[in-house]
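Hello,

Here is the structure I promised to pass on to you. Please open it beside this email, and then read on for what turned up in it.

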Amino acid sequence: MQSKALFDQLRQKAPLVSVGVLSADLMSLGSDLELLERAGVELLHFDIMDGCFCPMMTVGPGFVKAVKTTLLKDVHLMIDEPLDKLESYVAAGADMITVHVESCRHTHRVLQSLGEMTNTNDSARGILRGIALNPGTPIETVMPLLDEVQMVFLLAVNPGWGGQKFIASAQRRLKQLEEMIAASGRDILTGVDGGITQDNIADVARMGADIIVTGSAVFRGNTALENAKSMMRTAENAAKSINTNAT
Ligand code: DX5
Ligand code: ZN
């Protein structure tokens, strides 16, 4: 139930790259996961789509559970009314669970309910609660929810598929979100998800994102090891450059 330790761990290491597992070739998933572990990736992102909230259907809790990994499981629920499904993802070993503000009639209740659940991997670790916003949803929508989350994710694509183009408004929206979080006096991790590649990850890190989700870019071209390493290094250097300029 205590998610502070996990939060602190991520806060300290930010910016972190969370790799979208569904972009991997499932025939070589085991070896690709080993490559990600060797690259130093810490978060594995599961895009759960139900064919209702967004057009595609992907996987469910059975898949999340079946993936054996030392990486933290970052579960992104793009499903209608997730309240009754939360327990199954917690039982599957989720360390971080994000729901969409657009998918719940009672978002606050969903987040409260998640806050009462215990991490099945390690009860001391807690579960980080996240809220995600589609590109067309006003940032202010999350303001009443800030007491109940440790992460806010902005989608830089409309949810549905990997490999889409980054929507530039994410930059302005992230700035607005960070101002809102700062004004609230809370410490909340911000994330950007969708359309992030080798070419724009530095910009996204400079925008101040703490968690950067990337799927297809890690599994195309070079090996997942080389891609993940180079994207992490680029993000770290870009974040360092803004911190250095700020001091
Ligand atoms: C959007 C998903 C993303 C996406 C990431 O529908 O939430 O996580 O699949 O994949 P890329 O990096 O390929 O956009
Ligand atoms: Zn996602």
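Below I go through the pockets, one asparagine and the nonpolar cores.

First, some ground rules: this is a predicted model, in which local features need pLDDT of at least 70 and side-chain atom pairs count only at pLDDT 80 or more, while totals for chains, interfaces and linings use all residues. Residues are numbered from 1 along each chain as its sequence is written, chains are lettered from A and ligands numbered from 1 in the order in which they are written, and side-chain values use heavy atoms, with hydrogens and water left out.

Let's start with the pockets. A pocket is an open set of points on a 1 Å grid over the protein atoms alone, where a 1.4 Å probe fits and protein lies on both sides within 12 Å along at least five of seven lines; lining residues have an atom within 4 Å of a point. Strands here are DSSP runs of E with at least two residues, and helices are runs of H or I with at least four, numbered from the N terminus.

The second largest pocket holds about 170 Å³ of space. Among its 14 lining residues, Val67, Thr69, Lys73, Gly93 and Asn121 lie nearest the centre.

Now look at Asn200, in the loop between strand 7 (189-193) and helix 7 (201-206). Is Asn200 buried or exposed? Asn200 is buried (under 20% relative accessible area, with a 1.4 Å probe and protein chains only), at 14%. A polar atom of its side chain lies 2.9 Å from the backbone oxygen of Gly195.

Last come the nonpolar cores, which are sets of buried Ala, Val, Leu, Ile, Met, Phe, Trp, Tyr and Cys residues joined through side-chain atoms within 4.5 Å. The largest has 70 residues, and Leu36 and Ile97 touch the most other members. Helix 8 (residues 224-246) gives the most to this core, with seven residues. Apart from this core lies another, of 15 residues, including Phe7 and Leu10.

Enjoy exploring!

Definitions and conventions:
Points joined across faces, edges and corners; volume = space filled by probe spheres on them. Buried < 20%, exposed > 50% of the residue type's maximum accessible area, 1.4 Å probe, protein only. Polar contact = N/O pair within 3.5 Å; in protein donor to acceptor, adjacent residues only side chain to side chain.
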